[in-house]
Amino acid sequence: MVRVGIVDDDAASRSVILAHLKRYQDEHGGDFSVRTFTNGLELAENYRPDLDLIFLDVVMDGLDGFEAAHAIRELDDRVVIVFVTNMGQYAIKGYEVNALSYLVKPVPYFAFSQELVRSLRTIERSTPTSDALMVPTSTGTARVDLAGITYIESSRHRVTVHTLQRSYTYTGTLKSLEARLADRDFFRSNNCYLVNLQHVRGLDATSCVMEGGEELQVSRPRRRAFLDALTSYVDEGRRTG
């Protein structure tokens, strides 16, 4: 099941994309669950990362396509975005929000089908939801890929998930996340840090050096187990690499 969102303030344009999806499904198979939105605000407001692909109109009243895409990217780095626009010069701005591509109105079926194939391939290559954390935020829920998390920090019943791009803080416990990530190459270096071994770049007497140069304390009682876990992770990478 591929979950598709169609966002356009013009009913006729939404109908064109819906008809193209139905034609593709009739000709090639596949299973699409489709939701339509009449403007960017309807999409972005209370957004949850439960879509795989969004066809997003650029020019809309209120919140336009680019503004909606920026809001979505704060919560969802993985969803595939394809802009739909009347003018091709808008395409370059799509790089700001990691859009896959764009389609020019009126959208012909052949161009749509080619872009849909490309989008489906991108979705197939993406990390499954089981390799992501659903993190509560002030504006909704963010889907955070485990591979992008460098470490998770706990302080006074507040958890901060640090990624390569940003950080998310919410009320929670490190203990529950440690259990959730036990078989995902995360290791508890001390009472405050749960470290993604993938992003460890060095280890000294009292700390580990993370990608980007940040140093995190490794407690003395955990040092031997941490070193063993890191060595096992590196050796496994060599065998499968």
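This note covers the salt bridges of a predicted model.

1. Basis. The model is predicted: local features need pLDDT of at least 70, side-chain atom pairs count only at pLDDT 80 or more, and totals for chains, interfaces and linings use all residues. Residues are numbered from 1 along each chain as its sequence is written, and side-chain values use heavy atoms, with hydrogens and water left out.

2. Total. The structure holds 15 salt bridges, a salt bridge being a side-chain nitrogen of Lys or Arg within 4 Å of a carboxyl oxygen of Asp or Glu.

3. K105 and D8. These side chains form a salt bridge at 2.8 Å, N to O. The pair links distant parts of the chain, 97 residues apart: K105 is in the loop between β5 (101-104) and α4 (109-125), and D8 in the loop between β1 (2-7) and α1 (11-28). Helices (H or I, at least four residues) and strands (E, at least two) are DSSP runs, numbered from the N terminus. Both K105 and D8 are buried (under 20% relative accessible area; exposed is over 50%, partly exposed in between; 1.4 Å probe, protein chains only).

4. K22 and D26. Here the N to O distance is 3.0 Å. The two residues are four apart in helix α1, which means about one helical turn between them. K22 is exposed at 54% relative accessibility, and D26 is exposed at 56%.

5. R166 and E74. The closest N and O atoms of this salt bridge are 3.9 Å apart. R166 lies in the loop between β9 (158-163) and β10 (167-171) and E74 in the loop between α3 (65-73) and β4 (80-85), so the bridge ties together parts 92 residues apart in sequence. R166 is partly exposed at 24%, as is E74 at 45%.

6. Network. Salt bridges with shared partners join D8, D57 and K105 into one network.
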